Amino acid sequence: MKKDVIIVGAGASGMMTAICCARNGLKVLLLEHKDQVGKKILATGNGKCNYTNRNMSENCFRGEDVTFMKQALFSFGAEDAITFFRSLGIEPKEKNGYVYPYSEQAAAVVDAMKMELLHLGVEIQKQHVSKIKALKDAFEICTDGETFSCKKIVLATGGKASSKLGSDGSGLVMARKLGHDIVPTVPALIGLCCKEEYYPQIAGIRMQGKVTLLVDGEKAAEDEGELQFTKYGISGIPVFQVSRYAAKGIEEGKQVEAVIDYMSAFSENDLIECLKERFHHTYKTAQEALIGLLPSKMIPVLLQQSGIKATMKAEKIKEPQIKQLAMQLKRKKTKITDTNGFEQAQVTAGGVSMKEVDVNTMESKIHPGLYFTGEILDVDGICGGYNLQWCWTSAYLASRAIIG
Ligand SMILES: Cc1cc2nc3c(=O)[nH]c(=O)nc-3n(C[C@H](O)[C@H](O)[C@H](O)COP(=O)(O)OP(=O)(O)OC[C@H]3O[C@@H](n4cnc5c(N)ncnc54)[C@H](O)[C@@H]3O)c2cc1C
């Protein structure tokens with residue numbers, strides 16, 4: 001049967017576009033090269049799917065030009081997403097603004113979307129799309145064995161993050177071949193690899209702290225929360241939040257460093273006083289005197305970096321050494337050599353440039369009838385439900401335009 005629209009990619013944004021179009025009576029074909037639809041959604045929010053955030057603002061989105069996000073979120077924001085998912089049977093559960101399905105199961109989101117697709121008669125075919133040709137007033141979509149043609153098509157193939165879940169970058173290649181400019185892609189919401197050799201010694205530690213990212217010595221981003229130390233370097237939500245700037249800096253050949261504040265609850269002066277108190281009124285060694293303040297694995301590393309012998313009597317530690325230790329705790333610089341790679345990344349920064357896309361409709365300015373939704377575009381959100389919100393928002397805008 002002739003279709004009104006063909007959507008390539010049955011991830012978050014592709015399925016949402018399909019549902020919106022089909023609800024308005026359009027005949028939709030959804031092409032997906034994985035065995036299952038919505039595979040990536042299953043991995044989101046640690047299996048709970050943080051599908052939006054009530055603290056929604058255009059400031060939570062990044063890209064070369066995201067000034068349009070305010071208007072886009074006005075058209076379809078967090079409350080609209082909550083209402084949409086309620087219409088599918090997903091009751092929201094909110095934790096500090098973060099919104100999850102009440103059952104806290106990402107599978108519920110996929111199941112609910114699948115049921116709706118089926119109910120609306122959306123045809124889903126397992127096909128890998130390898131080529132798209134723009135004809136005079138239609139598109140030819142070539143898969144491994146078939147060719148489809150349609151006047152309106154949507155590229156909802158995602159970026160390059162977590163390719164095992166389906167987004168292998170093939171959509172970006174097809175977009176480029178269709179003449180679209182691709183803003184260089186880098187992994188984002190990802191751990192960062194550090195140069196120093198002490199990381200394996202402190203791997204496994206999680207502690208509250210602040211990370212400030214410097215690119216060529218200039219502050220590029222800062223975030224605070226639970227830091228995680230790994231064999232390769234630093235991770236955790238605050239590191240994820242600054243990671244896109246690190247990735248871009250590395251890609252551009254710049255010097256990237258992070259300044260870690262392990263004791264963000266203390267001012268440097270208060271910390272010096274606290275250390276003096278602990279060291280100068282005790283029978284303990286330097287190492288022992290820090291137990292209860294710092295994770296035990298971290299103590300020998302920090303003492304060594306401050307030139308203090310772990311076994312020396314704490315009362316013998318002089319003020320300059322205490323100041324040195326406080327500095328190591330408050331302003332520890334680490335050199336970022338790389339990110340942990342696309343395969344581990346939650347999202348792709350970069351993608352199809354918004355300059356060649358109508359920001360009200362997600363339609364290509366080069367090929368009318370071609371639309372983009374979700375992560376394939378040069379928009380990435382911070383951690384907290386913003387990337388899925390971008391999928392819902394862009395899918396809503398595209399489907400509204402396709403429906404006409
Ligand atoms: C581990 C993890 C946790 C995350 N947690 C959250 C979270 O809690 N909240 C949040 O907001 N965001 C989260 N994200 C990010 C979010 O999941 C993505 O930004 C979002 O799913 C992107 O949706 P999309 O539709 O653009 O692309 P995708 O979900 O990547 O879907 C693209 C689809 O297209 C298919 N496809 C690709 N190429 C082709 C082709 N050539 N032919 C046919 N089919 C093709 C793929 O198989 C895939 O199904 C997380 C990501 C990861 C990896």
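**Domains, helices and ligand shell of a predicted model**

The protein chain of this predicted model holds 13 helices and 21 strands.

User: What are the spans of the C-alpha trace along its principal axes?

Analyst: The protein chain has 404 residues, of which 45% count as buried. Among its contacts with a separation of 6 or more, 72% join residues 24 or more positions apart. Along the principal axes, the C-alpha trace spans about 85 × 45 × 35 Å.

User: How far apart are the C-alpha centres of domain 1 and domain 2?

Analyst: The domain assignment places residues 5-187 together with 350-403 in domain 1, and residues 191-340 in domain 2. Between the C-alpha centres of these two domains the distance is 39 Å.

User: Which element gives the most residues to the side of domain 1 that touches domain 2?

Analyst: Contacts between the domains involve 7 residues of domain 1 and 8 residues of domain 2. The residues on the domain 1 side comprise 5 nonpolar and 2 charged, with no polar ones. The element that gives the most to this side, with 3 residues, is strand 12 (residues 182-188).

User: Why can the buried residues of helix 9 be said to line one face of the helix?

Analyst: The buried residues of helix 9 are L271, L275, R278 and F279. An α-helix has 3.6 residues a turn, so positions three or four places apart point the same way. Seen down the axis of helix 9, the buried residues therefore line one face, since they fall within an arc of 90°.

User: How far apart are the end C-alpha atoms of helix 9?

Analyst: Helix 9 runs over residues 268-280, which makes 13 residues. At 1.5 Å a residue it should span 18 Å, and the distance between its end C-alpha atoms agrees with this, at 18 Å.

User: Is Q105 buried, exposed or partly exposed?

Analyst: Q105 lies in the loop between strand 6 (98-101) and helix 5 (106-119). Although 56 residues separate Q105 from C49 in sequence, their C-alpha atoms are 6.7 Å apart in space. Because 16 other C-beta atoms lie within 10 Å of Q105, this residue is partly exposed.

User: Which elements do the buried residues of helix 5 pack against?

Analyst: Helix 5 has 14 residues and reaches 20 Å from its first C-alpha to its last, close to the 20 Å expected at 1.5 Å a residue. Its buried residues are A106, A108, V109, V110, M113 and L117. These buried residues pack against helix 1, helix 2, strand 6 and strand 7 (123-126).

User: What is the phi of G121?

Analyst: G121 follows helix 5. The phi of G121 is positive, near 75°.

User: Which residues are closest to the ligand?

Analyst: The shell around the ligand divides by class into 14 nonpolar, 20 polar and 6 charged residues. At least two residues of the shell come from each of helix 1 (12-23), strand 2 (28-32), helix 2 (39-43), helix 6 (170-177) and helix 13 (386-403). Of the 40 residues that surround the ligand, the closest are G9, G11, G158, G166 and G374.

Key. Residues numbered from 1 in each chain as written. Predicted model: local features only at pLDDT ≥ 70, side-chain atom pairs only at ≥ 80, totals over all residues. Helix = DSSP H or I, 4+ residues; strand = E, 2+ residues; numbered from the N terminus. Expected span 1.5 Å × (residues − 1). Buried ≥ 20, exposed ≤ 12 C-beta atoms within 10 Å, placed from the backbone. Arc of directions from axis to C-beta. Domains from an automatic or database assignment. Contact = placed C-beta atoms within 7 Å. Nonpolar A, V, L, I, M, F, W, Y, C, P; charged D, E, K, R; others polar. Near = placed C-beta within 6 Å.
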